[in-house]
Amino acid sequence: MELVDLYDENRIPLGRTAERHAKKGEGEYRAVVHVAIFDEAGRLLIQRRSPEKRVWPDRWDLSVGGAVDAGETVRQAAERECLEELGYALDLTGVRPSVTVNFNGGFDDFFLVVRDVKVSSLHLQETEVSEVRWASLDDVLTMEAAGQFVGYPESFLRFLFDMHRTFGFPNK
């Protein structure tokens, strides 16, 4: 059973945990993370979610995503998810999330980074990820329009690509 920490609407810890997929009570929220890894050419490393995934099976997604486990910081969760899903040791020391999106059940922190990652060196977690590749914004928007990408709004996908080298976040 995966446990997550619970927060109030202001993201103040409530001092208790819940099962990850269990319905949360009124005023209870959890945290999730996403990592968007871009290369120097501005392409995004995308992953195809495993066909066995409970949510968005066999759809393309950002580089990494997942729940923040109980006792973890969002940075620790992002690094763990990167290592688990891609076999890639991502160091986010000193890096803060570039974007936080509120959703019905919690907070979703997005880390946007630029890294030279060799796809051939990645070790995919087969129960989570079936394939990875680099994609341009046009590639991602074409997949999104065809229903092959996780259901992010087109404007949000454009925003991530626009934002990946702005607002002073570290490139390396």
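The structure is a predicted model, in which local features need pLDDT of at least 70 and side-chain atom pairs count only at pLDDT 80 or more, while totals for chains, interfaces and linings use all residues. Residues are numbered from 1 along each chain as its sequence is written, and side-chain values use heavy atoms, with hydrogens and water left out. Helices (H or I, at least four residues) and strands (E, at least two) are DSSP runs, numbered from the N terminus.

Side chains of opposite charge can pair when their charged atoms come close. A salt bridge is counted here when a side-chain nitrogen of Lys or Arg lies within 4 Å of a carboxyl oxygen of Asp or Glu, and by this rule there are 13 salt bridges. One of them joins E2 to R20, with 3.3 Å between the closest N and O atoms. This pair links distant parts of the chain, 18 residues apart: E2 belongs to the segment before β1 (3-7), and R20 to the loop between β2 (13-19) and β3 (30-38). Burial is described by relative accessible area: buried means under 20%, exposed over 50%, and partly exposed in between, using a 1.4 Å probe and protein chains only. E2 is partly exposed because its relative accessibility is 39%.

A second salt bridge connects R49 and D61, whose closest N and O atoms are 3.7 Å apart. R49 is in strand β4 (residues 44-49) and D61 in strand β5 (residues 60-61), so the pair ties together parts that are twelve residues apart in sequence. R49 has a relative accessibility of 14% and therefore counts as buried; D61, at 4%, is buried too.

E84 and R80 form a salt bridge with their closest N and O atoms 3.2 Å apart. Both residues lie in helix α1 (residues 74-86), four residues apart, which is about one turn of the helix. E84 is partly exposed, with a relative accessible area of 36%, whereas R80 is buried, at 18%. The two also take part in a network of salt bridges that links D69, E72, R80, E81 and E84.

The next topic is the start of the chain. Two strands are said to pair if DSSP finds at least two bridges between them, and β1 and β2 pair in the antiparallel sense over four bridges. Within this pairing, V4 stands opposite A18 in β2. L3, in strand β1, is 16 residues from E19 in sequence, yet their C-alpha atoms are 4.6 Å apart in space. Contact means heavy atoms within 4.5 Å. Leaving aside neighbours within four places in sequence, L3 is in contact with T17, A18, E19, V68, D69 and A70. L3 counts as partly exposed, at 35% relative accessibility.

β1 and β2 form a hairpin with five residues between them, and R11 in the turn has a positive phi of about 70°. Most residues other than glycine have a negative phi. R11 is partly exposed, with a relative accessible area of 26%. D58 also has a positive phi, near 60°; D58 lies in the loop between β4 and β5 and is partly exposed, at 37%.

S50 is found in the loop between β4 and β5. S50 counts as buried because its relative accessibility is 1%. Apart from neighbours within four places in sequence, the contacts of S50 are P57, D58, E126, T127, E128, V129 and S130. Helix α3 (residues 154-163) has buried residues as well, namely F156, L157, L160, F161 and M163. What covers them includes β3, β4, β7 (99-103), β8 (106-114), β9 (129-135) and α2 (137-145).

Finally, there is the largest pocket. On a 1 Å grid over the protein atoms alone, a pocket is an open set of points where a 1.4 Å probe fits, with protein on both sides within 12 Å along at least five of seven lines, and lining residues have an atom within 4 Å of a point. The largest pocket holds about 800 Å³ of space. Its lining has 32 residues, of which R20, V32, H34, R49 and G66 lie nearest the centre. The elements that give two or more residues to this lining are β3, β4, β6 (64-67), α1, β7 and β8.

Methods
Grid points are joined across faces, edges and corners, and a volume is the space filled by probe spheres set on the points.
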